[in-house]
2 protein chains.
Amino acid sequence: VVTSPKPIKEEVEFATEPCKVALVGFGTVGRSVARILTSRSSQDLRLTHVVNRNVDRKRVDWVPRDVAWTQSFDDVLNSDIDVVLELVGGLDPAEHWVRRSLESGKSVVTANKQLIARHGPALQKLARENGVHLLFGASVAGGIPVLLGLQEGLGGDRIHRISGILNGTCNYILSQIENAHISFGEALEQAQAKGFAEANASEDIDGYDARAKLTILARTALNADLEPEQVATRGIREVEQIDFAYAHDLGCTIRQISRAEVKDKTLFAGVQPALVPQSSALARVTGSQNVVVSAGEFGGETVFSGHGAGGDPTAVAVVSDLLWLSRNRHNRVTAESKSAADLTISGDFKSAHYVRFKVADKPGILAALANVFSRHEINVDAVLQQAGHSKSALPFVITIEPCRVEKLRKALAEIRSLDFHVAPPVDMPILT
Amino acid sequence: VVTSPKPIKEEVEFATEPCKVALVGFGTVGRSVARILTSRSSQDLRLTHVVNRNVDRKRVDWVPRDVAWTQSFDDVLNSDIDVVLELVGGLDPAEHWVRRSLESGKSVVTANKQLIARHGPALQKLARENGVHLLFGASVAGGIPVLLGLQEGLGGDRIHRISGILNGTCNYILSQIENAHISFGEALEQAQAKGFAEANASEDIDGYDARAKLTILARTALNADLEPEQVATRGIREVEQIDFAYAHDLGCTIRQISRAEVKDKTLFAGVQPALVPQSSALARVTGSQNVVVSAGEFGGETVFSGHGAGGDPTAVAVVSDLLWLSRNRHNRVTAESKSAADLTISGDFKSAHYVRFKVADKPGILAALANVFSRHEINVDAVLQQAGHSKSALPFVITIEPCRVEKLRKALAEIRSLDFHVAPPVDMPILT
């Protein structure tokens, strides 16, 4: 009988020594993290440094007095802290600081999706080489423990698809167009006024924020070697109120959907507005909530949802990573990561499609469209036209039977040159 | 600058040596686990033994030939395996075998909710004392990684409430009463015919299965020192079609809800049928799905849902635990667990209530009821009576403004002695 060694006293002491944390970046999330850390009764985590530019204007009186406030990242590197908590965001200087931290034998916890989407695999390798940890649970879906759930909780399954709503700003804007019957521009202004969207909202509404998160999710859940630029990405600017009216007729609503799917050695990955059935988990997410649905060979569909952004939920994810570290920092770092699956990357999903036209009505339009679709061997499913719209800018919808999106777009490129359009046709996949 | 040691070669070899697994109990889940293990290309987990009574009739030809099939648990204890995978279920002999495994320095993975609900804390202590691990991710909500999500993923939050649908059989039966307009008895027979319910279904429909899972969840998420018997538990046998009709009038549906909440140093814990708003995450779970909703001080509500039972989803949870072990088995076992919070346990939730009466109609009934409620200082919210029912067995509903359930039940005990009842009144909380 082989027995494992019992824990020895020295190890017990390891576990009770506090894990020293330097907080770099004292913005909304940083403040929430500091609040949680200073309100905990356990002594397992100790905040030792706060680093920020012009740190004096950031100082608050509710953190313990022995916390060092500094503008110099070198103060952190030269101290005996255990973890650098990077909440600066962006690539520069975050990447440099994270690299130097790992090289100095300090573990790193970060909420920086852009950094991890861009440099995650290289930084994880650097962490392993230096025998330290790099944790980024907060980089996707804020307070929803989805990365951990997919990697560890569903580690025994073979996940082949993930889809989700990963950007709360887009979800808020689309919900407002749908429910408050306002335009995209008005909904965007509202979101900016309420602080849900930045003054420069392109990162959110053009899909770059979601594609960074999808990249991280696909690496984690699908073991895919994916870069953000390889994700077919489309913004939500074209979506109008009329699209919700037609979507409702089809039993659907419209959401910004991020999805990745492995099929026959190909990884399909995309971020775009899409029609989703009103009964689906994706449709039920309102306001600034996030959701991720995974599909596995054995476990079927699993849904994770909750608050995907905001200071406090993101801080929960960060503190959860810190607690994991405080328990595991003296453990061996796994020496080798799984090598990524060998997959071709594509944005050419196969699905049913919704195409909305806006035309100056005249006889022969439907025949002309049907003609082009037919030549491209695309099957029309149905034509929807709601009453009461002006003939001079008539919106109507053609639904298309499942086909590859590239095939559809070739037909639409040809259709776009026809003379009856008041606005370019808008196409969206219909997800089932 | 303090640097952590780099991983050394010996450790790399540790990580690549397969983790040897003895599978004890070759039923539905055991077969699914064996299928997943034998279909994986990675060499990190190796099935070495299958233990079952009358093992010869269990033998299958699709597991590797070097797997030993045996009836004797001692064969496992006397071998050099790393993990005992306990899928026998029940308390006897499972408890004895798990104890002996831990005492022999073998880690244990189990899906046994009754064992963990009853003896989890003692067995975890035994595991720690022996420097090995006890993992039970599959014991609650099958393939949904909710224990891990609550403990690790939301470890940085202070969770104060969990509620969920933890028993797929009850959810299937209630969904069928609601949608197929059949009686409880017919729905139960259907569930049994389809294999969703055991011939002796009491464990499910009287709430004992759910209370075991709630006990484990409450210990994990709320750090509560809870025993299954302390959970106020009520079955779903009293729920009739008419209750769904009235629930719909109130914008609700009826589900078997397991919930635990910490408030003012009291842990409220209960399993019972309840009215939940149709727009809530709890209402949307249909068929045999499970859901858990947690509420945290910082992260707000987080929802986990998916397949809570069945061979394959449960096997995913088991294999995920095995993979965690294979990566972490050489790591130190945390010496000390958090001590449980000092909480009074109560089933006396405060909520709005639904009370359905079935009476032989005559003048003065409402006055008599109002009189009793008034004497108990209970405020009636509304009276609902749908047309078209027989006067000799007239079902109608009184909704009650939020009050403690014990207070309501005292009034109902008095009301029960009045002479107009055709069936005893049925009360359920209305959750918001």
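Guide: Buried means under 20% relative accessible area. The model discussed here is predicted.

Visitor: Which residues of helix H11 of chain A are called buried?

Guide: In H11, which spans residues 241-249, they are A:Ile242, A:Asp243, A:Phe244, A:Tyr246 and A:Ala247. Each of these therefore falls under the 20% cut-off. Just after H11(A) comes A:Gly251, with a positive phi of about 75°.

Visitor: Why is A:Val380 called partly exposed?

Guide: The relative accessible area of A:Val380 is 34%. Buried requires under 20% and exposed over 50%, so a value in between is called partly exposed. A:Val380 therefore belongs to the partly exposed class. This residue is found in strand E15, residues 380-384 of chain A.

Visitor: What makes the nonpolar surface patch of about 220 Å²?

Guide: A:Leu366, A:Val380 and A:Val383 make it. A patch residue needs over 30% relative accessible area.

Visitor: What share of the contacts in chain A between residues at least 6 apart in sequence joins residues at least 24 apart?

Guide: The share is 74%. A contact here means heavy atoms within 4.5 Å.

Visitor: How many residues does chain A have, and what percentage is buried?

Guide: Chain A has 432 residues, and 56% of them are buried. The chain holds 14 helices and 17 strands.

Visitor: How far apart are the centres of the positive and negative side chains in chain A?

Guide: The centres lie 1 Å apart, for 47 positive and 51 negative side chains.

Key:
Residues are numbered from 1 along each chain as its sequence is written. Chains are lettered from A and ligands numbered from 1 in the order in which they are written. This is a predicted model: local features need pLDDT of at least 70, side-chain atom pairs count only at pLDDT 80 or more; totals for chains, interfaces and linings use all residues. Side-chain values use heavy atoms; hydrogens and water are left out. Helices (H or I, at least four residues) and strands (E, at least two) are DSSP runs, numbered from the N terminus. Buried means under 20% relative accessible area, exposed over 50%, partly exposed in between (1.4 Å probe, protein chains only). Lys and Arg count as positive and Asp and Glu as negative; His and the chain ends are not counted. The place of a charge is taken as NZ of Lys, CZ of Arg, CG of Asp or CD of Glu. Patches are made of residues with over 30% relative accessible area and no salt bridge: like charges are joined within 9 Å, nonpolar side chains (Val, Leu, Ile, Met, Phe, Trp, Tyr) within 5 Å. Accessible areas come from the Shrake-Rupley method with a 1.4 Å probe; for residues, only the protein chains shown count as cover. A salt bridge is a side-chain nitrogen of Lys or Arg within 4 Å of a carboxyl oxygen of Asp or Glu.
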